[in-house]
Amino acid sequence: MFNKSLIFKLIISLVLVALFYNTNNQVYSQEAKKGFLDLSKWNFKQNGYTNLDGEWEFYWMQIIDSSNINKSEITGYFEIPGLWNNKIIDSVKVNGNGYATFRLKVKLNNLKPVAFKIGRVETAYKLIINNKLVKEIGKVGKSSDKMQAAWLPSIINYLPDTTLLEIIMQVSNFKHRKGGISSSILIGKPNQIFKEEERMIGFDLFLLGVLLIMALYHFALYVLRRSEVSTFYFGMVCLLTSMHLISNGQFLLAKMYPDISWELLVKINFIGNYLRVPMFALFLGSLFKKEISKKFNYVFTGLIGLLVLSVVFTPARIYSHTLNAFAILSLIAIVYLITGLFKATFRNQREALFSIAGTFILLLTAINDILYDNLIIKTMYLVPFGIFIFIFFQSFMLSFRSSKAFNYVENLTKRLISLDKIKDQFLANTGYDLHKPLQIMAENVNAKKGYLIIPRNDKWIVAVSFPLSKNADDKQIELIGGNTKNPYLSDIIIRYVIQTKQNVISENASEDSRFSNDPYCSKTKPGSLLCLPLIYRDDLKGILYFENPKSGIFTKERLKIADLLTSQVAMLIDNASIYWQLENMNKNLEIKVKERTSEIEQQKEEILTINEELQQQKEQLIEAFDEIQIKNRDITDSINYAKRIQNAILPPEEYMKSIVPDSFVFYQPRDILSGDFYWMEKYTFPTGSQLLADSKPEFIIAAAVDCTGHGVPGALISIMGNNLLNNIINEFKYTRPGDILNIMQKGVQKYLHQDGERTSTRDGMDIALISYEKSRQMLQFAGAKNPLYLIRNNELQIIKGDRHSVGGVIKRIIKEFTNHEIKIEKGDVIYLFSDGFADQFGGPKNWKFTYKSFKELLLEIHQLEMEKQKELLVDTFSKWKGKGKQVDDVLVMGMKFN
């Protein structure tokens, strides 16, 4: 159980520890006046060390030493520790930038060794004692580029040669928002100062160890259980706090790494300080999701993130001024979080009190440190102690939640074991016997009397009772006409449950004011009373009514078990009702089965007659199917033979490579026969159509042809096209592609009778035709609709063909084909192709591949070997098509000129 006073006992204990900690480390002191401190009567052995607080001589914007300080003009007296921020000096309000010299004369009572402990000075200083430089931290300078900032608390041992010490401190700052000596300078016996140093470092190391152990522990918990994100956030709070700790206070990081950059040290300090607050907000938000808004946490984290970005990307002299904005945002967030924690407490989440206490103590110590840091009050840094208490309380809260969850799981396990036993008892019962479920329920809630009431014929009756009572079973309970003075149970309570479908629970029904007018309760004076509606699929299936003469019997734990079992009992009632209905239906079905049997016998004879007719039709269909299969096989064999003929007229790939070694052909018909074909020959004969000439140049002529249609019609036109090419080039010796296509145009129109009078057929061919003269390195091209792609210096050029096909023209006006000439350069690659590749449907959205994608693919692969290009084209086409159907014949020819 949660002890309300436990948290307050913990707070008092920790405060006593803090008081004891501070009491044993008090610093007795007396203040300096007008630049002089008299310690001649101070007994270091009895009183311990002291500080040099008080009024020091102040020389603003002067860096001077013992030799000339008496000749310099004093600005005034300055309270140490103190900052010169916002001071009025020479009628001017100054900021943190600047430099100054401080002097204090100290009178000692002997010449024994002393030690000084100098904490944080903003942000560089020199310590000179009796005209001797004894310590320099950073580099003092009169401008930003001439000084070097550093934070490093130091201990200086000094052996006085006179009882009057002249202490001079030269301080400069151009790197930070604050300037001056921000902490007390201690003086005492060396062993006293060193013990104080060890104590402070020891406390910081203790805190650091606690923080890192807590961080690792909670990170490990998060790795093992990712759903508990609160452990990750808490681990981050501990880790970020440790970052802030090692870069502040005793500056452990600077002591471990003396050469560390001051800028880096300050960034670590600010980042750790800034990020731990939003992490803490996220931590509480993950624990108290209803009370602490995610939206608030995201906005707050975003604003702090902007401050962190300023820390990362700007120098300390700029981002150190964001500390006030951070303090305001943090104060708003903490007030909001504490409000949310109070809400959680009022909603019976008492563990929130631990977080409230820890957060409140941390807030008080943070306010103390802010005031102390700005030298508004003179206390000491309390945030380390506040962090320890804060971490302690948050850890205790997490442990409390874990313990609470464990107890819940333990109780749930016991309940599940109990329910499992009850389940076995329920399952052992037949689906229509309601006596056993009532007995199990009564025994588990510790009832001495119980009734199961169900609706039947628009009335409510007692179906079964516990203990088994013949007098109570099947007694109808009247629900109309007021009280019926039922001797077994309360009619009023039953009617109330029927109307409201709500539980009725009473620890002492005879004294319950709700039942004061109930005749049954007045007469029998029952003790504990429980009435539960049995609801299944939003229907009231029945009511469970239990009594026990003793008061307070029906505990919360028993009620939970009863609530869990009511749905099972309701389902059993539903099953029993179905069983009774099925019993009645079974009797009726026997009669109907006999009637239907005679009808089925008659239908059987009719079906046998129909079956004989169907068998005859089946035999006829089989004969027709066999005949179709034979014809189909003959047609397929003929087409396959035609394919061999078609393949025979195509130039073999080996022959083509003997003409153009760097070449390939990707040829994939849609059907067995193809409407596309390719053609290539090498000739040595006169140019043009002139048979007589002095020279005999060598020509390579190639064509990619796409005939109208697919399959057999396309194949017939392709054979005609192949014959025309052979005749025009072999017989008539034409090499100019434009002339060749013009003659083919006439030939197709002649063979297909496309004269506009005897036929209307529009069959024809789309052709890309080239002629390459090796001696001149001149390529000629003509195209019927199809273009030529030339890739030179990684750029693709398109030489378009004419916008009409070879053939397919009904009108008598015939346009001639254009002849293009191109000077070939070494490394040029050309491609001839039909439209099958670009028009293929496929891909994720079943779209066309498109000419744009085709061009991009060729540009991507054109520098590869030609065989590799072919492999990639085949692979790309196959993957794009996928399991879809090929829509057209595919033909792509590639040639490279070296």
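In helix 20 (residues 866-881), K879 and D875 sit four residues apart, which puts about one helical turn between them. Helices here are DSSP runs of H or I with at least four residues, strands are E runs of at least two, and both are numbered from the N terminus. K879 and D875 form a salt bridge, with the closest N and O atoms 3.3 Å apart; the term means a side-chain nitrogen of Lys or Arg within 4 Å of a carboxyl oxygen of Asp or Glu. K879 counts as exposed at 63% relative accessibility, while D875, at 34%, is partly exposed. The cut-offs are under 20% relative accessible area for buried, over 50% for exposed, and in between for partly exposed (1.4 Å probe, protein chains only).

The model is a predicted one, so local features need pLDDT of at least 70 and side-chain atom pairs count only at pLDDT 80 or more, whereas totals for chains, interfaces and linings use all residues. Residues are numbered from 1 along each chain as its sequence is written, and side-chain values use heavy atoms, with hydrogens and water left out.

Going by the salt-bridge rule, the count is 21. One of them pairs E166 with R103, the closest N and O atoms lying 2.8 Å apart. This pair links distant parts of the chain, as E166 belongs to strand 14 (residues 164-173) and R103 to strand 8 (residues 98-107), 63 residues away. E166 is buried at 14%, and R103 is buried at 5%. Shared partners also join E57, R103 and E166 into one salt-bridge network.

Another salt bridge brings E122 and R120 together, at 2.7 Å between the closest N and O atoms. E122 is buried at 0% relative accessibility, and R120 is buried at 14%.
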